[in-house]
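Visitor: I'd like to learn how to read a few features of a protein model. Could you walk me through one?

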Amino acid sequence: MKIAIPKERRAFEKRVAAVPETVKKYRALGYDVAVEAGAGAEAAYPDDMYIAAGATIAADAGLAQRDADIILRVQRPMNAGEGLNEINFLKPGAVLIGMLNPYAAKADLELYARNQVMSMAMELMPRITRAQSMDVLSSQSNLAGYKAVLDAAEQFGRAFPMMMTAAGTVPPARVLVMGAGVAGLQAIATARRLGAVVSATDVRPIAKEQVQSLGATFVMVESDETKQAETSGGYAKEMSEDYKRRQAALIAETLKKQDVVICTALIPGRAAPRLITEEMLRSMRPGSVVVDLAVEQGGNCAGSEAGKVVEAFGVKIVGHRNVPSRIAVDASALYARNLLNFMTLISAKEGGKLAIKWDDEILQAVTLTRDGSVVHPQFRSSSAA
């Protein structure tokens, strides 16, 4: 069977779905691998590295994908309304695996089903022990949390660590991380390494111990509601309006003392919760920096704009798109290993063939379309089939 690795064409995307290391392992499993020319160039993986790993180089997207049995991608393929219609390159019966963004692109599921494409969304990977090595959200969020702190440091007009000099003492920067998931915890660790005094907030009580273990202070309104603030999948739930008001009051007081704020709060399938209001921004110190990692889902911070660094009331608000792609080399390597681990799960031990066990909870969680229908229970109603 043939695996295709197309070049990603969406704006701000520099990652690639396979690196030479994983190509070698696909070849060892018995698969043929075709990589579109230039697919890894922006992640510092030139074509000759893929050739040395055993892949063939296809001149364009059509040649790479048209006869492929399995297509591995970072982001979902473009449809006819977005430019090059990459869905048309997929042959009936092909398996499409990547971060397919089904919540925002439900109409594409119809196209996969109509074209008899079996599609699997890696971002729906269940948060269970067996699936940790395949968890693309965790691997990419980890890098995003790290990069967010570096982006904040770049915009901040002061040093992060305390410095004692002959000319006087420079006080340490005070950093607040909002959301203590994977990205938030990495942001805490990175800010601490840079010498900042760090605090963090989250609606999940379980996060308190994790935050404190990294040397940060936990800021949270504790109530009966917070005891059920986490979904079975390990994500934060949306809280009641009353809780939001009380938490907002606590955060408003905390923000007045901060120099840098890293916002990481996301709810799958929903708009990002608004954590920092315009009034809160007004109360922050001039020269402060807010990095909004949720900007592409509406933003945690008032006034944040996707793809821009803006200023409001003397506060810089950083809204870079696709932050993991800003560290494309490592982000690609981690993502490619996530895909390899998933492919190993669904492949025979040798011979380059798929051996999918449909009763596996991992497969049930990630499969969107199969046999011409939308089969995922969360999206099935979108299918006319």
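Predicted model: local features only at pLDDT ≥ 70, side-chain atom pairs only at ≥ 80, totals over all residues.

Visitor: How do I read two packed helices, and at what angle do α1 and α10 pack?

Guide: Two packed helices are described by the angle between their axes and the distance between the axes. Here α1 (residues 20-28) and α10 (residues 328-345) pack at about 15°, with axes 9 Å apart. That makes α1 roughly parallel to α10 (angles under 35 degrees count as such). Axes are lines fitted to C-alpha atoms, for helices over the stretch in contact, and angles run from 0 to 180 degrees between N-to-C directions. Helices are DSSP runs (H or I, at least four residues), as are strands (E, at least two), numbered from the N terminus.

Visitor: Which residues make the contact?

Guide: From α1 come E21, T22, K25 and Y26, and from α10 come A336, R337, L339, L340 and M343; contact means heavy atoms within 4.5 Å. They divide into 5 nonpolar, 1 polar and 3 charged.

Visitor: Which residues touch the most other members in the largest nonpolar core?

Guide: A nonpolar core is a set of buried Ala, Val, Leu, Ile, Met, Phe, Trp, Tyr and Cys residues joined through side-chain atoms within 4.5 Å, and buried means under 20% relative accessible area, with a 1.4 Å probe and protein chains only. The largest core has 60 residues, and L72, I97 and F342 touch the most other members. α10 gives the most to this core, with 8 residues. Not counting residues up to four places away in sequence, F342 touches I97, M120, M122, M125, M134, I362, L363 and V366.

Visitor: Is D371 buried or exposed?

Guide: D371 counts as exposed, at 64% relative accessibility (exposed means over 50%). D371 is found in the loop between β16 (367-370) and β17 (373-374).

Technical notes: Residues numbered from 1 in each chain as written. Heavy atoms only, no water. Parallel < 35°, antiparallel > 145°, perpendicular 65-115°, else oblique. Nonpolar A, V, L, I, M, F, W, Y, C, P; charged D, E, K, R; others polar.
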